[in-house]
Amino acid sequence: MPEPGPTIFAAGLVLPVSAPAIREGAVLVRDGRIAAVGGLEDLGQQNADAELRYYPHYTIVPGAVNTHAHLGFRRGDAPEGGSFSKWLAVLIERLPEKEKWTAEAARASAREAIEAGTTFVAESSPYGECLPQLAGSGLAGTVYAEFFPHEFGTPEEAVEFIIEKVRGSREGLPERVDVQVSVHSPYTVDPETSRLAARRTRELGWRLAIHLSESPEEVEFVREGTGGLADIFGRNDWGGVGVSPVKYAEQIELLAPETIAAHLATGVSEEDVEILARTGVAAAHCPRSNDLLNCGVSPVPLMMERGVRVGMGTDGLWSSPSMNLFEETLFALELHRFDGATGLRLATLEGARALGVEVETGSLEAGKWADLAVVAVDPGDQDPEREVIEAAAGGAVTVTVVGGDVVYDSATQAAG
Ligand SMILES: [Zn+2]
């Protein structure tokens with residue numbers, strides 16, 4: 001097959017995020033990467049050979065980066081919200097039945113994300129079970145493989161198993177799909193295994209995902225060793241260490257620049273934020289999940305002020321109403337009273353920074369992969385970013401491009 005020639009994606013407004021807005025802007029794409037960003041007139045004249053896809057009354061933004069998702073859940077039959085430990089107990093009870101539909105749910109979740117303008121997803125699933133669906137979706141992203149030490153004899157066995165599993169899973173993947181390790185949470189992975197996994201993955205230069213300081217029950221488990229999570233995981237008796245989950249995670253060496261910690265919602269003190277800033281760990285903010293499961297409000301403004309990298313995450317469809325990251329971001333805008341520009345950065349470039357992939361994606365800049373979304377909105381000058389987020393949250397994404405490939409086009413979708 002001949003290599004496709006250059007393409008220009010142009011729109012009434014282009015928001016590169018890392019540079020000022022461009023009216024009648026254009027993105028020149030060559031071999032999947034952004035070759036130039038500028039005015040349509042100039043880029044068009046200089047590249048007369050390029051195929052032009054022009055959306056006059058639309059806006060082009062970088063594709064959304066989802067820093068924390070679980071693809072293997074579906075809409076419609078989620079356990080009841082309101083209490084994290086009760087929700088989790090029902091989830092665990094339903095795991096055997098869930099096996100039958102996890103793959104189908106993962107395909108549908110990935111598709112929903114793409115159709116909402118997402119181009120990069122950090123996904124966490126048991127032993128990386130949703131990797132085939134992420135890899136087959138057209139998305140770029142990372143699957144973080146969770147493992148559960150009680151299924152093994154020793155911490156060494158558990159950690160070696162997951163490392164070998166991840167190594168094996170990496171073979172034959174699309175160029176932009178990757179697999180890494182997740183240490184699921186302070187209440188499911190014991191301190192010795194957590195520390196060993198953190199050390200081994202760091203030695204290998206790998207990345208790590210964790211859930212941290214999510215619920216009031218987790219805070220109680222770590223501090224006191226009691227509560228709803230202690231009841232569910234009776235055999236997990238290492239809690240009750242008298243410190244916050246963040247402090248505990250630092251003690252067991254989980255916090256580092258390669259780590260992304262999801263939630264940080266309940267029980268994160270100012271001292272904890274200092275620890276997050278000092279260790280360089282990044283945060284995935286999932287405010288709708290936190291709201292649904294009564295997990296409080298993450299101190300995101302303080303974290304950002306102290307230089308903690310923060311991205312947005314939808315979590316999965318059993319704890320969140322959608323896989324639409326712009327909808328998640330709109331919720332965060334209301335919650336923290338952020339302006340649109342801050343929101344669009346969180347949904348794109350800051351998410352890429354949190355995951356350590358900002359060299360590759362997250363903004364419209366020459367050299368990065370051409371990951372972008374075309375949104376059916378023609379905003380004014382007041383707060384254009386907010387108008388774009390509101391539109392994209394409401395389903396106005398019409399084209400999604402990952403690495404220069406059009407992976408979603410609502411026009412052909414309707415025709416087909
Ligand atoms: Zn999660």
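Let's start where two helices touch: Pro155, Glu156, Ala158, Val159, Glu160, Ile163 and Arg167 of H6 are in contact with Glu192, Thr193, Leu196, Ala197, Arg200 and Leu204 of H7. Sort the residues of this contact by type and you get 7 nonpolar, 1 polar and 5 charged. Keep in mind that this is a predicted model.

How do the two helices sit against each other? Two packed helices are described by the angle between their axes and the distance between the axes. Here, H6 (residues 155-169) and H7 (residues 191-204) pack at about 40°, and their axes are 9 Å apart. The crossing of H6 past H7 is right-handed.

Now for H4, which covers residues 102-115. Its 14 residues reach 20 Å from first C-alpha to last, close to the 20 Å expected. Which residues of H4 are buried? They are Thr102, Ala105, Ala106, Ser109, Ala110, Ala113 and Ile114. An α-helix has 3.6 residues a turn, so residues three or four places apart point the same way. The cover over the buried residues of H4 includes helices H3 and H5 along with strands E6, E14 and E15. Just after H4 comes Gly117, with a positive phi of about 85°.

H8 (residues 216-224) buries Glu217, Glu218, Val219, Phe221 and Val222. Among the elements covering them are helices H2, H9 and H10, plus strand E9. Following H8 is Gly225, where phi is positive, near 80°.

Technical notes:
Residues numbered from 1 in each chain as written. Predicted model: local features only at pLDDT ≥ 70, side-chain atom pairs only at ≥ 80, totals over all residues. Heavy atoms only, no water. Helix = DSSP H or I, 4+ residues; strand = E, 2+ residues; numbered from the N terminus. Expected span 1.5 Å × (residues − 1). Buried < 20%, exposed > 50% of the residue type's maximum accessible area, 1.4 Å probe, protein only. Contact = heavy atoms within 4.5 Å. Axes fitted to C-alpha atoms, helices over the stretch in contact; angles between N-to-C directions. Left-handed = near helix turned anticlockwise from the far one by under 90°. Nonpolar A, V, L, I, M, F, W, Y, C, P; charged D, E, K, R; others polar.
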